[in-house]
Amino acid sequence: MNARLLVRALRDPGTVAQFGAGQWNALIAMARAERLIGTLALRIGDRPVPDAARPILADARLDAEREARQALWEADRAEAALKPLGVRVVLLKGTAYAAAGLKAGEGRFIGDLDILVPRDCMEAVEKHLMLAGWEWVKSDSYDDAYYRQWMHELPPMIHQERDRMIDVHHTILPLTARQRPDAGAMIADAISITDGLHILSPEDRVCHAVAHLLADGDLAGGLRNLWDVHCLLAEADPAALEARAARHGLSPHVRQARRMADALYGAGRERLTLWDRIVLARLLARNGWGKETRKGLRFAFYLRSHWLRMPPTMLARHLFTKWRKGHRPA
Amino acid sequence: MSHILDDMVLLYHRSSGQTHMVISPVPEILETLEDGQPASARDVLQRLLRRYDLGPADAALPEVAAQLTNLAALGLIRTA
Amino acid sequence: MKHRITLRIGPATFRMGSAWPGPIRSLERLYADYPAPADGIADFTVRLEPVSLLRRWLRPSIFITGDHGLADAAPMSLAHGLLAAEMGMNLQMALGWRRHLLLHASSVEKDGRVLVMTGESGSGKSTLAAQLGERGWRLMGDEFALLDLETGTVLPFPRLVSLKNRAIDVIVAEVPAARMGPLLAGTAKGDIRHLAPRADAVARMDEGAPPALLLFPRFGHAPAIRPVGQGETFMRLTQASTNYVALGEPGFAALTRFVTQVPALAMDFPSGEEAIAMVERLWEQQR
């Protein structure tokens, strides 16, 4: 069994009407593992489901509501902390979708607060966040130096009292990555949603989600990211998106994400390449107990994710340092 | 949403999901702001003086201002 | 997964999968009296997996995970498989349950009213609940008390009671061997043996009752009883709840109602026998 069961239920929630207990158990375990249980619960909505499944889905809906409320509060706090700076603060990912009421935000799991700010303001942003009660999470000097030098964000910070994390980004992908999306252009074209907070334009939202799905990660949690892309595509203008993707150097990635979103969540009309099929196999590698399968394939993608981000000698050094400290792909 | 216990007042702040445990004069100060209209520290003090005996107003003002700053930092009130 | 069992405990149903038969066999024996789940759909999935393929056979180590898991959870020896299974269920409840306010507390019922006992590990709340459960009280649970969000009723969650170190001998002396699990020696918390609740407590596992008294027991001190203020009680219970924050406003409403309606006492006691006598006296005074 693989995660097609979950994908089908998201695409066409009416299909769950025929599910037996075994399929429900598998569906719930997979949806939780992929952090799509809230999305699934909202997709299923008021359709008839077995008695035992109803409270599980209701709980997931309530959790999603609470998460959205808390995410918006964190955004509000960050906005208040950064107001004196007068810089554009752009919300990214889940918080942005929730703040703007986008379809991608419906039921979505939202973890940390991700914001994008101009690169030359990073120091001031860091200072103001610390004044408002955020502090560093990591004290490890290798990780800290690595973040600052090569990643696209400050090392993660956590709020002392609320225990919530914030990731402050200044570029879309790490400085070591091959593609260089134009973060400055994204900030300049961002849309104001409240006094002081912005979200990316519809086309940039797709580019950003795609960058995370295909050019950055090892595809862990990829089904959720691809669901984001699927929902965001519906709100983007196709011609404007082509142009925008070209500007960010992400054209092949955006096209591939479009084909894959269509294959899993859409009508399935687009022709897939061999590489598309390999990536899809990676995305669907999960069994009915919610456990990831196809270890070899996952490890290959883990290596590839680092390869994409770093020049080879740097990659070797980084993996070696991580390895000694006991970090291994699960 | 608030709840009075025998030795303190609990405030549930819906937007943040945080529970605050407060004692006098915080509940009384929040009560003066219940109408949602902007007010200065001096306004708050005036409203408090109408209901409570706080001693000399000059001495109480910095105390009220400091409490307001704390409440704003928690996000329970906003600086206009 | 190869070896599996589905268990219902109170309102929650668990689907457990294991790479080894041992833990499932222990569960089958000790949970034999529990009613079967209604329609086979579980609230939670628990997985007991080998840490790596090799460690399935060689010095087997169990990694506990499932719908909810902790990435940095330390692996456990296969000899402690039953404990791993129980911890796996606890983990799901602690991190995922939303239908009641969860208090890390033991609870026993008599005359249709519930005594709730909460405290750190080592406070004696588990042992005391197990002992009361053999002396005319109904054992509702030793780990979690479930507080109904609308009515304030306490619902049972009668999992196996986990007895530690000295408590093991105390209970073994008064309970038939068939209700005792294997001795798990040298776990991270010392020696552990599980106790299955009495059949009548299991049969009534869907039956809640209103709370009448909250105790903060503390083992190893001279006998003393002091009232605990509502503010302190509230604070200690938020710390003893794993889902208070996640429940939001309904959790706040349920907990404030509990704190204002249920008297709270701190009870220091030097021995189990003394504690039982103290509890019985307090219970009489509360009537």
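1. How many salt bridges does the rule find across the interface of chain B and chain C? The rule finds 1 salt bridge there, a salt bridge being a side-chain nitrogen of Lys or Arg within 4 Å of a carboxyl oxygen of Asp or Glu. The partners are B:Arg14 and C:Glu249, with 2.8 Å between the closest N and O atoms.

2. The model is predicted, so local features need pLDDT of at least 70 and side-chain atom pairs count only at pLDDT 80 or more, while totals for chains, interfaces and linings use all residues. Residues are numbered from 1 along each chain as its sequence is written, chains are lettered from A and ligands numbered from 1 in the order in which they are written, and side-chain values use heavy atoms, with hydrogens and water left out.

3. The interface of chains B and C involves 13 residues from chain B and 14 residues from chain C, where contact means heavy atoms within 4.5 Å. The size of an interface is often given as the accessible area lost when the parts come together. Here the buried area is about 1100 Å², and carbon and sulfur atoms give 69% of it; the term denotes the accessible area (1.4 Å probe) that two parts lose on being put together, summed over both.

4. Between chain B and chain C there are also 4 residue pairs in polar contact (both at pLDDT 80 or more). A polar contact is a pair of N or O atoms within 3.5 Å; within protein, one must be able to donate a hydrogen and the other to accept it, and residues adjacent in sequence count only if both atoms are side-chain atoms. On the side of chain B that touches chain C, β1 (2–4), β2 (9–13) and β3 (18–22) of chain B each supply at least two residues. β2(B) has the largest share, 3 residues. Helices (H or I, at least four residues) and strands (E, at least two) are DSSP runs, numbered from the N terminus.

5. Chain C also meets chain A, with 21 residues of chain C in contact with 21 residues of chain A. About 1800 Å² is buried between these two chains, 51% of it on carbon and sulfur atoms. C:Arg15, C:Ile41 and C:Arg99 supply 34% of the area that chain C buries against chain A, more than any other three residues.

6. The count between chain C and chain A is 4 salt bridges. One of them joins A:Arg32 to C:Asp67, with the closest N and O atoms 2.5 Å apart. On the side of chain C that touches chain A, β2 (12–18), β3 (44–50) and α7 (244–247) of chain C are the elements that give two or more residues, and β3(C) gives the most, with 5 residues.

7. Within chain C, helix α1 (residues 21–30) and helix α2 (residues 81–96) pack at an angle of about 75°, their axes being 8 Å apart. Axes are lines fitted to C-alpha atoms, for helices over the stretch in contact, and angles run from 0 to 180 degrees between N-to-C directions. α1(C) and α2(C) are therefore roughly perpendicular to each other. C:Pro23, C:Ser26, C:Leu27 and C:Leu30 of α1(C) meet C:Gly81, C:Leu82, C:Ala85, C:Glu86 and C:Met89 of α2(C). Angles under 35 degrees count as roughly parallel, over 145 as roughly antiparallel, 65 to 115 as roughly perpendicular and the rest as oblique.
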